[in-house]
Amino acid sequence: AGAGLGMSFARAMADAEPDVTVGLIPCAVGGTSIWQWEKPGRDLFDNAIRRAKIAMKAGTLAAILWHQGESDCMRRCGYLYQYRFPEMISRFRKDVGAEGVPLICGGLHPKMEGGWFGKILANAKRWTCEYAYGPGKYTTCPDDVQLQSDNIHYTKASQQEFAKRYFAAYQEVVK
């Protein structure tokens, strides 16, 4: 779609808190798997840590947004989230000194959750977001969010709408 959740989330936050300067630390890489993110020494994890540390010199990390899983669902390894994801988030929070930063996760589209691998992945992500070390919130993806013609990825408009749901989940966590 050429877009992600970050900008729409940031706009929602800026609208809700006009006195706050909102910055983004984009780290998303489409088509990646949890194993590419899970530990130091892997490029995506190291890049996210580096970017967060640079940004935190000028501000405060307010939230970690995580929306991934389609690749793992397709590779039939969604069950690994229940083990790998909480460890990765805990390690990330520790490495950047942000143990109390909220984690906001999103679910797959119900079409993706229909198969048994999709159900494993959806349940594992829900579990990891609810019980990951530190505050977290899982937000579901209802049927009204549209997919691209590949029936996997969200359209740009859907990503923008889903980002608003991420922000609503963030507001619940920080109350």
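A word on the source. This is a predicted model, where local features need pLDDT of at least 70 and side-chain atom pairs count only at pLDDT 80 or more, while totals for chains, interfaces and linings use all residues. Residues are numbered from 1 along each chain as its sequence is written, and side-chain values use heavy atoms, with hydrogens and water left out.

Back to Glu38. Is Glu38 buried or exposed? Glu38 has a relative accessible area of 9%, so it counts as buried (under 20%; exposed is over 50%, partly exposed in between; 1.4 Å probe, protein chains only). Glu38 sits in the loop between helix 1 (6-16) and helix 2 (43-56); helices are DSSP runs of H or I, at least four residues, and strands are runs of E, at least two, numbered from the N terminus. Leaving aside neighbours within four places in sequence, Glu38 is in contact (heavy atoms within 4.5 Å) with Phe45, Arg84, Met88 and Arg91.

Three strands form an open sheet, order 1-2-3, with parallel pairing; strands pair if DSSP finds at least two bridges between them. Strand 1 (64-66) and strand 3 (136-139) are the edges, each pairing on one side only. Three bridges join strand 1 to strand 2 (residues 103-106), and Leu65 stands opposite Ile104 in strand 2.
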